[in-house]
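Please read this short briefing alongside the sequence and the 3D view.

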Amino acid sequence: MTSWPSDTPSPLWMSLSRKRFEAASLKGEAKADVVIIGGGISGLATALELARRGRRVILLEATRVGYGASGRANGQVISALTRHGPDAVRKAWPGERGERFIQLVKGAADQLYDLLERYGIDCDARRNGWLQPAHSPGRAKRVSGLAAQWAVSGAETGALSASQVAERLGTDTYCGGWEHRRGGHINPYAFTVGLARAAASEGVIIYENSPATRLSRKDGSWIVETPQGRVVADKVGLATAAHTGDLWPELRRSIVPVTSYQAATDPLGPLADKILPNDEASSDTRMDLRYFRKTRDGRLVSGGALTFQIGASRRLPAMVGKRLKEMFPALPENPMTSFWSGRIAMTVDRLPRLHRRGDGLCAWIGCNGRGLALACAMAPVLADAIDGVADEELALRPTAPPAVPFHAFVSRFARLILPWYRFKDSREV
Ligand SMILES: Cc1cc2nc3c(=O)[nH]c(=O)nc-3n(C[C@H](O)[C@H](O)[C@H](O)COP(=O)(O)OP(=O)(O)OC[C@H]3O[C@@H](n4cnc5c(N)ncnc54)[C@H](O)[C@@H]3O)c2cc1C
(Lines give C-alpha, C1' and ligand atoms only; values in the text may rest on other atoms or scores of the structure.)
Protein backbone atom coordinates (compact mmCIF):
# COMPACT_ATOMS: atom_id res chain seq x y z
CA MET A 1 0.00 0.00 0.00
CA THR A 2 1.13 3.57 -0.69
CA SER A 3 2.75 4.89 2.47
CA TRP A 4 1.95 8.22 4.08
CA PRO A 5 3.75 10.18 6.76
CA SER A 6 2.95 8.39 10.02
CA ASP A 7 1.87 11.54 11.91
CA THR A 8 -1.86 10.70 11.63
CA PRO A 9 -3.78 7.44 11.00
CA SER A 10 -4.44 6.73 7.30
CA PRO A 11 -8.10 6.96 6.29
CA LEU A 12 -10.13 3.84 5.65
CA TRP A 13 -10.54 5.14 2.10
CA MET A 14 -6.98 4.10 1.19
CA SER A 15 -7.67 0.43 1.85
CA LEU A 16 -10.93 0.65 -0.16
CA SER A 17 -9.21 2.28 -3.19
CA ARG A 18 -8.29 0.08 -6.11
CA LYS A 19 -5.97 2.58 -7.83
CA ARG A 20 -2.76 4.21 -6.63
CA PHE A 21 -0.75 7.23 -7.66
CA GLU A 22 2.92 7.79 -7.08
CA ALA A 23 5.22 10.51 -8.37
CA ALA A 24 8.87 11.41 -7.93
CA SER A 25 10.03 14.42 -5.96
CA LEU A 26 11.39 17.49 -7.72
CA LYS A 27 15.14 17.53 -8.16
CA GLY A 28 16.85 20.38 -10.00
CA GLU A 29 15.22 23.14 -12.01
CA ALA A 30 11.97 22.85 -13.98
CA LYS A 31 10.02 25.39 -16.07
CA ALA A 32 6.28 25.79 -16.52
CA ASP A 33 3.64 28.33 -17.46
CA VAL A 34 1.86 27.71 -14.17
CA VAL A 35 2.87 26.03 -10.92
CA ILE A 36 0.06 24.79 -8.68
CA ILE A 37 0.88 24.16 -5.02
CA GLY A 38 -1.21 21.47 -3.27
CA GLY A 39 -2.17 17.97 -4.40
CA GLY A 40 -5.74 17.82 -3.13
CA ILE A 41 -8.88 18.03 -5.24
CA SER A 42 -8.56 21.83 -5.65
CA GLY A 43 -4.98 21.78 -6.90
CA LEU A 44 -5.41 18.72 -9.10
CA ALA A 45 -8.69 19.85 -10.70
CA THR A 46 -7.21 23.33 -11.35
CA ALA A 47 -4.03 21.87 -12.84
CA LEU A 48 -6.13 19.57 -15.02
CA GLU A 49 -8.26 22.47 -16.22
CA LEU A 50 -5.20 24.59 -17.08
CA ALA A 51 -3.55 21.70 -18.93
CA ARG A 52 -6.74 21.25 -21.00
CA ARG A 53 -6.42 24.96 -21.90
CA GLY A 54 -2.94 24.27 -23.27
CA ARG A 55 -0.83 25.54 -20.35
CA ARG A 56 2.35 23.72 -19.25
CA VAL A 57 1.57 22.94 -15.62
CA ILE A 58 3.67 21.63 -12.73
CA LEU A 59 1.96 20.61 -9.47
CA LEU A 60 3.90 20.38 -6.21
CA GLU A 61 2.53 18.31 -3.32
CA ALA A 62 4.29 18.55 0.05
CA THR A 63 3.70 14.88 0.97
CA ARG A 64 1.44 12.56 -1.05
CA VAL A 65 -1.49 13.27 -3.32
CA GLY A 66 -4.67 13.10 -1.17
CA TYR A 67 -2.80 13.57 2.10
CA GLY A 68 -4.88 16.64 3.01
CA ALA A 69 -8.62 16.87 3.57
CA SER A 70 -9.34 15.42 0.12
CA GLY A 71 -8.21 11.93 1.10
CA ARG A 72 -9.80 12.07 4.55
CA ALA A 73 -13.26 13.55 4.02
CA ASN A 74 -16.57 11.80 4.70
CA GLY A 75 -17.12 11.78 0.93
CA GLN A 76 -20.49 13.54 0.75
CA VAL A 77 -21.06 15.34 -2.54
CA ILE A 78 -23.04 18.44 -1.64
CA SER A 79 -24.19 21.28 -3.91
CA ALA A 80 -24.91 23.66 -1.04
CA LEU A 81 -22.91 25.86 1.33
CA THR A 82 -22.46 25.26 5.05
CA ARG A 83 -24.52 28.22 6.20
CA HIS A 84 -25.72 30.37 3.30
CA GLY A 85 -28.71 29.57 1.11
CA PRO A 86 -29.35 31.59 -2.08
CA ASP A 87 -31.10 34.45 -0.23
CA ALA A 88 -28.22 34.82 2.23
CA VAL A 89 -25.69 34.80 -0.64
CA ARG A 90 -27.69 37.58 -2.37
CA LYS A 91 -27.61 39.57 0.85
CA ALA A 92 -23.85 39.14 1.23
CA TRP A 93 -23.10 39.73 -2.45
CA PRO A 94 -25.97 41.66 -4.09
CA GLY A 95 -26.58 41.71 -7.84
CA GLU A 96 -24.78 39.79 -10.57
CA ARG A 97 -21.94 38.91 -8.20
CA GLY A 98 -24.20 36.80 -5.95
CA GLU A 99 -26.19 35.29 -8.84
CA ARG A 100 -23.05 33.96 -10.54
CA PHE A 101 -21.89 32.39 -7.32
CA ILE A 102 -25.29 30.79 -6.60
CA GLN A 103 -25.17 29.14 -10.03
CA LEU A 104 -21.64 27.91 -9.31
CA VAL A 105 -22.74 26.27 -6.05
CA LYS A 106 -25.88 24.89 -7.68
CA GLY A 107 -23.77 23.13 -10.35
CA ALA A 108 -20.93 22.01 -8.05
CA ALA A 109 -21.96 18.34 -7.82
CA ASP A 110 -22.38 18.23 -11.61
CA GLN A 111 -18.78 19.40 -12.00
CA LEU A 112 -17.52 16.61 -9.76
CA TYR A 113 -19.56 13.87 -11.45
CA ASP A 114 -18.62 15.23 -14.93
CA LEU A 115 -14.91 14.91 -14.09
CA LEU A 116 -15.48 11.45 -12.72
CA GLU A 117 -17.28 10.32 -15.89
CA ARG A 118 -14.92 12.02 -18.34
CA TYR A 119 -11.87 10.30 -16.85
CA GLY A 120 -13.56 7.06 -15.77
CA ILE A 121 -12.51 7.60 -12.13
CA ASP A 122 -13.08 4.47 -10.08
CA CYS A 123 -14.19 5.76 -6.65
CA ASP A 124 -17.40 3.87 -5.75
CA ALA A 125 -19.45 6.92 -6.70
CA ARG A 126 -23.16 6.95 -5.90
CA ARG A 127 -25.55 9.66 -6.99
CA ASN A 128 -28.76 8.92 -5.15
CA GLY A 129 -29.01 12.32 -3.49
CA TRP A 130 -27.95 14.20 -0.36
CA LEU A 131 -30.27 14.59 2.64
CA GLN A 132 -30.30 17.15 5.42
CA PRO A 133 -32.54 15.87 8.22
CA ALA A 134 -33.74 18.49 10.72
CA HIS A 135 -33.15 17.89 14.44
CA SER A 136 -35.96 20.23 15.57
CA PRO A 137 -39.33 21.45 14.22
CA GLY A 138 -37.88 24.96 13.85
CA ARG A 139 -35.03 23.65 11.74
CA ALA A 140 -37.45 21.56 9.65
CA LYS A 141 -39.32 24.75 8.79
CA ARG A 142 -36.12 26.59 8.03
CA VAL A 143 -34.68 23.90 5.72
CA SER A 144 -37.94 23.49 3.82
CA GLY A 145 -37.54 27.23 3.05
CA LEU A 146 -33.96 26.53 1.97
CA ALA A 147 -35.12 23.74 -0.35
CA ALA A 148 -37.61 26.17 -1.91
CA GLN A 149 -34.92 28.85 -2.40
CA TRP A 150 -32.63 26.38 -4.15
CA ALA A 151 -35.52 25.08 -6.29
CA VAL A 152 -36.26 28.66 -7.45
CA SER A 153 -32.57 28.92 -8.39
CA GLY A 154 -32.99 25.84 -10.59
CA ALA A 155 -31.65 23.12 -8.25
CA GLU A 156 -33.32 19.72 -7.92
CA THR A 157 -34.32 20.05 -4.29
CA GLY A 158 -37.41 19.39 -2.20
CA ALA A 159 -38.64 19.45 1.39
CA LEU A 160 -39.21 16.13 3.18
CA SER A 161 -41.73 15.35 5.92
CA ALA A 162 -40.72 13.59 9.13
CA SER A 163 -42.08 10.27 7.84
CA GLN A 164 -40.27 10.63 4.51
CA VAL A 165 -36.99 11.30 6.33
CA ALA A 166 -37.62 8.29 8.59
CA GLU A 167 -38.13 6.08 5.54
CA ARG A 168 -35.02 7.43 3.78
CA LEU A 169 -32.69 7.19 6.80
CA GLY A 170 -34.06 4.15 8.60
CA THR A 171 -34.55 6.11 11.86
CA ASP A 172 -37.45 8.19 13.18
CA THR A 173 -35.27 10.55 15.24
CA TYR A 174 -35.72 13.57 12.92
CA CYS A 175 -38.51 16.12 12.40
CA GLY A 176 -38.33 16.54 8.61
CA GLY A 177 -35.66 17.88 6.27
CA TRP A 178 -34.79 18.43 2.64
CA GLU A 179 -33.04 16.65 -0.19
CA HIS A 180 -30.72 17.67 -3.01
CA ARG A 181 -31.20 15.08 -5.72
CA ARG A 182 -27.94 15.89 -7.62
CA GLY A 183 -25.77 15.00 -4.60
CA GLY A 184 -24.37 11.67 -3.46
CA HIS A 185 -21.13 10.22 -2.12
CA ILE A 186 -17.71 9.00 -3.24
CA ASN A 187 -14.57 7.47 -1.84
CA PRO A 188 -12.74 10.83 -1.63
CA TYR A 189 -9.22 9.35 -1.60
CA ALA A 190 -9.94 7.23 -4.69
CA PHE A 191 -11.42 10.29 -6.40
CA THR A 192 -8.31 12.37 -5.60
CA VAL A 193 -6.01 9.64 -6.90
CA GLY A 194 -8.18 9.41 -10.02
CA LEU A 195 -7.87 13.17 -10.55
CA ALA A 196 -4.08 12.92 -10.21
CA ARG A 197 -4.01 10.19 -12.87
CA ALA A 198 -6.32 12.28 -15.08
CA ALA A 199 -4.17 15.40 -14.64
CA ALA A 200 -1.03 13.43 -15.51
CA SER A 201 -2.79 12.04 -18.60
CA GLU A 202 -3.48 15.64 -19.70
CA GLY A 203 0.21 16.53 -19.34
CA VAL A 204 0.40 17.95 -15.80
CA ILE A 205 3.76 17.10 -14.23
CA ILE A 206 3.18 16.17 -10.59
CA TYR A 207 5.90 16.04 -7.95
CA GLU A 208 5.16 14.47 -4.55
CA ASN A 209 7.23 14.92 -1.38
CA SER A 210 8.07 18.35 -2.78
CA PRO A 211 6.91 21.08 -0.39
CA ALA A 212 7.10 24.60 -1.79
CA THR A 213 9.25 26.35 0.81
CA ARG A 214 9.66 29.82 -0.69
CA LEU A 215 8.12 32.03 -3.37
CA SER A 216 10.04 34.87 -4.97
CA ARG A 217 10.06 36.99 -8.13
CA LYS A 218 12.97 37.31 -10.56
CA ASP A 219 12.96 38.97 -13.99
CA GLY A 220 9.16 38.89 -14.15
CA SER A 221 8.95 35.15 -13.30
CA TRP A 222 8.02 33.28 -10.14
CA ILE A 223 10.64 31.10 -8.48
CA VAL A 224 9.11 28.35 -6.33
CA GLU A 225 11.71 26.60 -4.20
CA THR A 226 11.51 23.06 -2.82
CA PRO A 227 14.12 21.28 -0.66
CA GLN A 228 15.91 19.82 -3.71
CA GLY A 229 14.80 21.93 -6.63
CA ARG A 230 12.92 24.91 -7.95
CA VAL A 231 10.30 25.76 -10.54
CA VAL A 232 10.44 28.87 -12.70
CA ALA A 233 6.92 29.82 -13.82
CA ASP A 234 4.84 32.75 -15.06
CA LYS A 235 1.97 32.16 -12.62
CA VAL A 236 1.40 30.49 -9.24
CA GLY A 237 -1.83 29.06 -7.84
CA LEU A 238 -2.08 28.05 -4.18
CA ALA A 239 -4.47 25.21 -3.29
CA THR A 240 -3.18 24.44 0.18
CA ALA A 241 -6.47 24.83 2.12
CA ALA A 242 -6.15 24.20 5.89
CA HIS A 243 -2.49 23.20 5.36
CA THR A 244 -1.59 26.73 4.21
CA GLY A 245 1.75 27.83 5.64
CA ASP A 246 3.65 31.07 5.28
CA LEU A 247 4.14 31.14 1.49
CA TRP A 248 1.48 33.84 1.56
CA PRO A 249 1.18 34.83 5.27
CA GLU A 250 -2.02 36.86 4.78
CA LEU A 251 -3.68 33.77 3.27
CA ARG A 252 -2.77 31.66 6.31
CA ARG A 253 -4.20 34.32 8.60
CA SER A 254 -7.48 34.49 6.64
CA ILE A 255 -8.67 31.04 7.76
CA VAL A 256 -8.98 29.00 10.93
CA PRO A 257 -7.79 25.39 10.45
CA VAL A 258 -10.07 23.02 12.37
CA THR A 259 -9.51 19.31 13.02
CA SER A 260 -12.41 17.04 12.12
CA TYR A 261 -12.48 13.34 13.08
CA GLN A 262 -13.85 10.38 11.17
CA ALA A 263 -14.83 6.91 12.34
CA ALA A 264 -16.22 3.86 10.52
CA THR A 265 -17.88 0.56 11.43
CA ASP A 266 -16.97 -2.85 10.08
CA PRO A 267 -19.23 -4.09 7.24
CA LEU A 268 -22.71 -4.33 8.76
CA GLY A 269 -24.08 -7.22 6.67
CA PRO A 270 -27.89 -7.27 6.26
CA LEU A 271 -28.29 -4.38 8.76
CA ALA A 272 -26.70 -2.07 6.15
CA ASP A 273 -29.82 -2.49 3.97
CA LYS A 274 -31.97 -0.98 6.72
CA ILE A 275 -29.84 2.19 7.14
CA LEU A 276 -30.07 4.65 4.25
CA PRO A 277 -31.79 1.98 2.11
CA ASN A 278 -31.52 4.22 -1.01
CA ASP A 279 -27.82 4.87 -0.32
CA GLU A 280 -27.93 8.67 -0.09
CA ALA A 281 -25.52 10.72 2.05
CA SER A 282 -26.87 12.51 5.14
CA SER A 283 -25.71 15.51 7.23
CA ASP A 284 -28.13 17.01 9.74
CA THR A 285 -28.93 20.56 10.82
CA ARG A 286 -27.09 20.57 14.17
CA MET A 287 -24.27 23.05 14.73
CA ASP A 288 -22.33 20.08 16.15
CA LEU A 289 -23.10 18.21 12.97
CA ARG A 290 -24.18 14.53 12.82
CA TYR A 291 -23.60 12.87 9.49
CA PHE A 292 -23.15 9.46 7.94
CA ARG A 293 -23.01 7.53 4.69
CA LYS A 294 -22.37 3.94 3.68
CA THR A 295 -19.42 2.39 1.83
CA ARG A 296 -19.63 -0.10 -1.00
CA ASP A 297 -19.01 -2.95 1.48
CA GLY A 298 -21.77 -1.83 3.88
CA ARG A 299 -19.84 0.09 6.54
CA LEU A 300 -21.20 3.25 8.08
CA VAL A 301 -18.78 6.21 8.00
CA SER A 302 -19.47 9.11 10.32
CA GLY A 303 -17.50 11.67 12.29
CA GLY A 304 -17.53 14.58 14.64
CA ALA A 305 -15.59 17.21 16.51
CA LEU A 306 -14.01 17.29 19.98
CA THR A 307 -13.35 20.21 22.30
CA PHE A 308 -10.07 18.66 23.47
CA GLN A 309 -7.89 16.42 21.31
CA ILE A 310 -6.39 14.32 24.12
CA GLY A 311 -7.47 10.67 23.72
CA ALA A 312 -9.27 11.47 20.47
CA SER A 313 -8.65 8.01 18.95
CA ARG A 314 -10.63 6.45 21.83
CA ARG A 315 -13.12 9.18 22.71
CA LEU A 316 -14.27 10.12 19.22
CA PRO A 317 -15.26 6.60 18.04
CA ALA A 318 -17.05 6.09 21.38
CA MET A 319 -19.00 9.35 21.02
CA VAL A 320 -19.90 8.78 17.37
CA GLY A 321 -20.82 5.14 18.03
CA LYS A 322 -23.15 6.20 20.85
CA ARG A 323 -24.87 8.78 18.66
CA LEU A 324 -25.35 6.30 15.84
CA LYS A 325 -26.69 3.67 18.22
CA GLU A 326 -29.31 6.14 19.47
CA MET A 327 -30.48 6.37 15.87
CA PHE A 328 -29.98 2.73 14.91
CA PRO A 329 -30.32 0.55 18.06
CA ALA A 330 -29.57 -2.64 16.08
CA LEU A 331 -25.93 -1.58 15.67
CA PRO A 332 -23.44 -3.58 17.77
CA GLU A 333 -21.96 -2.10 20.99
CA ASN A 334 -19.02 0.25 20.28
CA PRO A 335 -19.55 -0.08 16.54
CA MET A 336 -16.79 2.24 15.28
CA THR A 337 -13.66 0.24 14.51
CA SER A 338 -11.56 2.66 12.45
CA PHE A 339 -10.55 6.24 13.07
CA TRP A 340 -8.73 9.07 11.30
CA SER A 341 -8.79 12.86 11.12
CA GLY A 342 -8.24 15.78 8.78
CA ARG A 343 -8.14 19.56 8.72
CA ILE A 344 -10.76 21.94 7.39
CA ALA A 345 -10.21 25.58 6.37
CA MET A 346 -12.93 27.71 8.02
CA THR A 347 -13.64 31.37 7.27
CA VAL A 348 -15.29 33.67 9.80
CA ASP A 349 -18.45 34.19 7.72
CA ARG A 350 -18.40 30.58 6.33
CA LEU A 351 -18.11 31.83 2.73
CA PRO A 352 -15.30 30.69 0.41
CA ARG A 353 -12.85 33.22 -1.02
CA LEU A 354 -10.89 33.77 -4.21
CA HIS A 355 -7.72 35.84 -3.93
CA ARG A 356 -5.51 37.38 -6.60
CA ARG A 357 -2.55 39.64 -6.01
CA GLY A 358 -1.30 42.30 -8.40
CA ASP A 359 1.76 40.14 -9.17
CA GLY A 360 -0.50 37.27 -10.29
CA LEU A 361 -0.37 35.01 -7.19
CA CYS A 362 -3.82 33.35 -6.87
CA ALA A 363 -5.63 31.10 -4.39
CA TRP A 364 -9.08 29.95 -3.37
CA ILE A 365 -9.72 28.94 0.21
CA GLY A 366 -12.47 28.37 2.77
CA CYS A 367 -14.37 25.16 2.03
CA ASN A 368 -15.90 25.28 5.54
CA GLY A 369 -16.31 21.50 5.53
CA ARG A 370 -18.19 21.22 2.25
CA GLY A 371 -15.44 21.33 -0.31
CA LEU A 372 -15.46 18.16 -2.42
CA ALA A 373 -17.95 19.39 -5.02
CA LEU A 374 -17.05 23.05 -4.43
CA ALA A 375 -13.36 22.37 -5.18
CA CYS A 376 -14.34 20.90 -8.56
CA ALA A 377 -16.56 23.92 -9.30
CA MET A 378 -13.88 26.38 -8.16
CA ALA A 379 -11.16 24.80 -10.35
CA PRO A 380 -12.20 26.59 -13.58
CA VAL A 381 -12.64 29.81 -11.57
CA LEU A 382 -9.13 29.60 -10.11
CA ALA A 383 -7.86 28.71 -13.60
CA ASP A 384 -9.64 31.82 -14.96
CA ALA A 385 -8.08 33.96 -12.23
CA ILE A 386 -4.63 32.57 -13.07
CA ASP A 387 -5.32 33.17 -16.77
CA GLY A 388 -6.03 36.85 -16.06
CA VAL A 389 -9.82 36.93 -16.60
CA ALA A 390 -11.23 40.27 -15.37
CA ASP A 391 -12.53 40.40 -11.76
CA GLU A 392 -16.16 41.06 -12.74
CA GLU A 393 -16.17 38.04 -15.10
CA LEU A 394 -15.16 35.59 -12.36
CA ALA A 395 -17.85 33.45 -10.68
CA LEU A 396 -16.35 34.37 -7.30
CA ARG A 397 -15.08 37.95 -7.07
CA PRO A 398 -11.42 38.13 -5.91
CA THR A 399 -10.62 40.02 -2.72
CA ALA A 400 -7.55 40.56 -0.55
CA PRO A 401 -7.30 37.89 2.21
CA PRO A 402 -9.07 39.38 5.26
CA ALA A 403 -7.24 38.69 8.53
CA VAL A 404 -9.21 36.68 11.11
CA PRO A 405 -9.21 38.92 14.24
CA PHE A 406 -6.89 37.53 16.99
CA HIS A 407 -5.86 34.82 14.52
CA ALA A 408 -3.28 33.02 16.68
CA PHE A 409 -5.68 32.84 19.65
CA VAL A 410 -8.73 31.86 17.58
CA SER A 411 -6.80 29.15 15.69
CA ARG A 412 -5.63 27.63 18.94
CA PHE A 413 -8.92 27.76 20.83
CA ALA A 414 -11.58 27.53 18.08
CA ARG A 415 -12.77 24.19 19.47
CA LEU A 416 -13.85 25.80 22.75
CA ILE A 417 -16.97 26.99 20.94
CA LEU A 418 -18.18 23.38 20.65
CA PRO A 419 -19.93 23.17 24.06
CA TRP A 420 -21.87 26.32 23.10
CA TYR A 421 -22.92 24.67 19.81
CA ARG A 422 -24.07 21.57 21.71
CA PHE A 423 -26.00 23.69 24.20
CA LYS A 424 -27.77 25.52 21.35
CA ASP A 425 -28.55 22.23 19.58
CA SER A 426 -30.03 20.73 22.75
CA ARG A 427 -32.12 23.85 23.43
CA GLU A 428 -33.67 23.58 19.97
CA VAL A 429 -34.69 19.96 20.46
C1 LIG B 1 -12.61 14.94 8.17
C2 LIG B 1 -13.18 15.73 7.02
C3 LIG B 1 -14.41 15.40 6.50
C4 LIG B 1 -14.92 16.12 5.40
N5 LIG B 1 -16.08 15.71 4.81
C6 LIG B 1 -16.53 16.34 3.70
C7 LIG B 1 -17.66 15.87 3.02
O8 LIG B 1 -18.24 14.85 3.37
N9 LIG B 1 -18.10 16.58 1.94
C10 LIG B 1 -17.46 17.70 1.51
O11 LIG B 1 -17.89 18.31 0.53
N12 LIG B 1 -16.33 18.14 2.11
C13 LIG B 1 -15.86 17.49 3.19
N14 LIG B 1 -14.71 17.91 3.79
C15 LIG B 1 -14.00 19.06 3.20
C16 LIG B 1 -13.20 18.61 1.97
O17 LIG B 1 -12.49 17.45 2.27
C18 LIG B 1 -12.26 19.72 1.55
O19 LIG B 1 -12.99 20.90 1.32
C20 LIG B 1 -11.49 19.44 0.29
O21 LIG B 1 -10.97 18.14 0.26
C22 LIG B 1 -10.38 20.46 0.17
O23 LIG B 1 -9.56 20.11 -0.90
P24 LIG B 1 -8.28 20.97 -1.17
O25 LIG B 1 -7.61 20.39 -2.36
O26 LIG B 1 -8.66 22.40 -1.23
O27 LIG B 1 -7.38 20.80 0.13
P28 LIG B 1 -6.56 19.55 0.69
O29 LIG B 1 -7.15 18.28 0.24
O30 LIG B 1 -6.40 19.76 2.15
O31 LIG B 1 -5.17 19.68 -0.04
C32 LIG B 1 -4.21 20.64 0.30
C33 LIG B 1 -2.87 20.02 -0.05
O34 LIG B 1 -1.87 21.04 -0.05
C35 LIG B 1 -0.66 20.43 0.35
N36 LIG B 1 0.26 21.49 0.74
C37 LIG B 1 0.16 22.36 1.77
N38 LIG B 1 1.22 23.19 1.79
C39 LIG B 1 2.00 22.85 0.75
C40 LIG B 1 3.25 23.33 0.26
N41 LIG B 1 3.89 24.35 0.85
N42 LIG B 1 3.81 22.74 -0.83
C43 LIG B 1 3.15 21.72 -1.46
N44 LIG B 1 1.98 21.20 -1.01
C45 LIG B 1 1.41 21.77 0.07
C46 LIG B 1 -1.09 19.51 1.49
O47 LIG B 1 -0.12 18.50 1.76
C48 LIG B 1 -2.40 18.96 0.95
O49 LIG B 1 -2.24 17.72 0.29
C50 LIG B 1 -14.19 17.21 4.86
C51 LIG B 1 -12.94 17.55 5.42
C52 LIG B 1 -12.43 16.81 6.47
C53 LIG B 1 -11.07 17.16 7.01
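Apart from its neighbours within four places in sequence, aspartate 124 is in contact with Leu16, Arg18, His185, Ile186 and Arg296 in this predicted model. Aspartate 124 sits in the loop between α5 (108-118) and β4 (130-133).

**Aspartate 124**
- The relative accessible area of aspartate 124 is 15%, under the 20% cut-off, and therefore the residue counts as buried.
- Its side chain makes a polar contact with the side chain of arginine 18, at 2.8 Å.

**Alanine 109**
- Alanine 109 belongs to helix α5.
- Alanine 109 is buried because its relative accessible area, 0%, is under 20%.
- Leaving out neighbours within four places in sequence, alanine 109 is in contact with Val77, Ser79, Arg127, Arg182 and Ala373.
- One of these contacts, arginine 127, is 18 residues from alanine 109 along the chain, and their C-alpha atoms are separated by 9.4 Å.

**Helices α2 and α11**
- Two packed helices are described by the angle between their axes and the distance between the axes.
- Helix α2 (residues 41-52) packs with helix α11 (residues 372-387) at an angle of about 45 degrees, and their axes are 8 Å apart.
- The two helices, α2 and α11, are therefore oblique to each other.
- The crossing of α2 past α11 is right-handed.
- On the α2 side, the residues that meet α11 are Ile41, Ser42, Ala45, Thr46, Glu49 and Leu50.

Notes:
Residues numbered from 1 in each chain as written. Predicted model: local features only at pLDDT ≥ 70, side-chain atom pairs only at ≥ 80, totals over all residues. Heavy atoms only, no water. Axes fitted to C-alpha atoms, helices over the stretch in contact; angles between N-to-C directions. Helix = DSSP H or I, 4+ residues; strand = E, 2+ residues; numbered from the N terminus. Parallel < 35°, antiparallel > 145°, perpendicular 65-115°, else oblique. Left-handed = near helix turned anticlockwise from the far one by under 90°. Contact = heavy atoms within 4.5 Å. Buried < 20%, exposed > 50% of the residue type's maximum accessible area, 1.4 Å probe, protein only. Polar contact = N/O pair within 3.5 Å; in protein donor to acceptor, adjacent residues only side chain to side chain.
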